[in-house]
Amino acid sequence: MPHPHRPHILIVDDEIANVNALCDTLRGQGYEVVGVSDASAALDALRAGKSELLLADLVMPKMGGVDLLR
């Protein structure tokens with residue numbers, strides 16, 4: 001039986017241990033995941049247009065998750 005489409009997930013958190021843990025967990029479930037640790041890298045990844053789901057820390061230096069969405 002073919003696998004259903006799994007979204008491409010972008011994870012953004014200034015704590016690299018959190019990024020790594022989430023990436024490892026989601027990849028283990030078959031998801032395509034990109035993890036970054038700052039908002040600038042997240043903006044670049046979002047502009048590439050591959051991400052279908054964003055998991056972002058709300059409180060990060062310079063730009064939090066809500067501002068990132070704006």
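1. Aspartate 13 sits in the loop that joins strand S1 to helix H1 (16–28). Helices (H or I, at least four residues) and strands (E, at least two) are DSSP runs, numbered from the N terminus. The model is predicted, so local features need pLDDT of at least 70 and side-chain atom pairs count only at pLDDT 80 or more, while totals for chains, interfaces and linings use all residues. Residues are numbered from 1 along each chain as its sequence is written, and side-chain values use heavy atoms, with hydrogens and water left out.

2. What does aspartate 13 touch, not counting residues up to four places away in sequence? Its contacts are Asn18, Val19, Val36, Ser37, Asp57 and Met60; contact means heavy atoms within 4.5 Å. The aspartate 13 side chain makes a polar contact with the side chain of asparagine 18 at 3.2 Å, and also reaches the backbone nitrogen of glutamate 15 at 2.8 Å. A polar contact is a pair of N or O atoms within 3.5 Å; within protein, one must be able to donate a hydrogen and the other to accept it, and residues adjacent in sequence count only if both atoms are side-chain atoms.

3. Aspartate 13 is buried but has no salt bridge, and the nearest side chain of opposite charge, arginine 27, is 14 Å away. Buried means under 20% relative accessible area, exposed over 50%, and partly exposed in between (1.4 Å probe, protein chains only). A salt bridge is a side-chain nitrogen of Lys or Arg within 4 Å of a carboxyl oxygen of Asp or Glu. For charge, Lys and Arg count as positive and Asp and Glu as negative; His and the chain ends are not counted.

4. The largest nonpolar core has eight residues: Leu10, Val12, Val36, Ala39, Ala42, Ala45, Met60 and Leu68. The elements giving two or more residues to this core are strand S1 (8–12) and helix H2 (39–47), and H2 provides the largest share, three residues. Such a core is a set of buried Ala, Val, Leu, Ile, Met, Phe, Trp, Tyr and Cys residues joined through side-chain atoms within 4.5 Å.

5. Which residues of H2 are buried? Ala39, Ala42 and Ala45 are. They lie on the same side of H2, because they cover an arc of only 115° around the axis; the arc is that of the directions from the helix axis to the C-beta atoms. The cover over the buried residues of H2 includes S1, strand S2 (32–36) and helix H3 (65–69). Leaving aside neighbours within four places in sequence, alanine 42 is in contact with Leu10, Val12, Val36 and Leu68.

6. The ends of H2 can be checked too. At its start, a side-chain oxygen of aspartate 38 comes to within 3.1 Å of the backbone nitrogen of serine 40. Glycine 49 follows H2 and has a positive phi, near 75°.

7. How many salt bridges does a search of the whole structure find? It finds two. Arginine 47 and aspartate 44 form one (3.9 Å, N to O); these residues are about one helical turn apart, because they are three residues apart in helix H2. Aspartate 67 and arginine 70 form a salt bridge at 2.9 Å, N to O. Aspartate 67 counts as partly exposed, at 42% relative accessibility, and arginine 70 is exposed, at 76%.
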